[in-house]
Amino acid sequence: MAPPRILVCGDVNGRLTQLYKRVSTVNKSAGPFDVLLCVGQFFPDSPENNEEFLDYIQGRSQISIPTYFIGDYGIGAPKVLSVVSNDPKSQGFKMDGLRVCDNLFWLKGSGKFTLHGLSVVYLSGRHSLSGQLYGTYSPDDVDALRAWAEEPGVVDLFLRYPLFLVMLFLGFFD
């Protein structure tokens, strides 16, 4: 089995048309890729980009590759993510992403899941004690990370924003 091919990007700031045009170009020259991981501010940083962003969320424009994001803040984040959070399909403990729309998944808080055979752990947002719903993680999220760190096995990808992305390919490509 061939190893998965993963694209990683930083701040999107709601510019999904620009993002997926770039993904298409990279896919043509070096692809195909299996998944796109976005670490950084995913939502628009200004109202001008909100309409373009909503075209994708509401299905008027298509997302060409399975996309997972952390960085759940910005203009429009509360409105979009409250709808996602209240969807009955999003209820319960889901660590492999809440479906926002076709091919778009929100990695909320913290989690650990398997993606194309790789172990992925993430912590999304800024620390908050205020109970803010979006763009933050809680002490419970950090406690969950500590518990996963004590489990046996390898973590292939650790996604964290804002701060850094760490990729550990321990013996994966031998």
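Of the 174 residues in the protein chain, 45% are buried, where buried means under 20% relative accessible area with a 1.4 Å probe, counting protein chains only. Please note that this is a predicted model, in which local features need pLDDT of at least 70, side-chain atom pairs count only at pLDDT 80 or more, and totals for chains, interfaces and linings use all residues. Residues are numbered from 1 along each chain as its sequence is written, and side-chain values use heavy atoms, with hydrogens and water left out.

The protein chain contains four helices and eleven strands; these are DSSP runs numbered from the N terminus, helices being H or I of at least four residues and strands E of at least two.

Five strands make up an open sheet with mixed pairing, in the order S1-S2-S3-S5-S4; two strands pair if DSSP finds at least two bridges between them. Strand S1 (6-9) and strand S4 (98-101) each have a single partner strand, so one side of each lacks a neighbour in the sheet. On average, neighbouring strands here are turned by 25° against each other, direction ignored; axes are lines fitted to C-alpha atoms, for helices over the stretch in contact, and angles run from 0 to 180 degrees between N-to-C directions.

Within the sheet, strand S3 (residues 67-69) pairs with strand S5 (residues 104-106) in the parallel sense over three bridges. Thr67 has Leu104 in S5 as its bridge partner.

Which strands does helix H3 touch? Helix H3 (residues 77-86) packs on the sheet against S3, S4 and S5, contact meaning heavy atoms within 4.5 Å. The direction of H3 makes about 125° with that of S4.

Key
Buried < 20%, exposed > 50% of the residue type's maximum accessible area, 1.4 Å probe, protein only.
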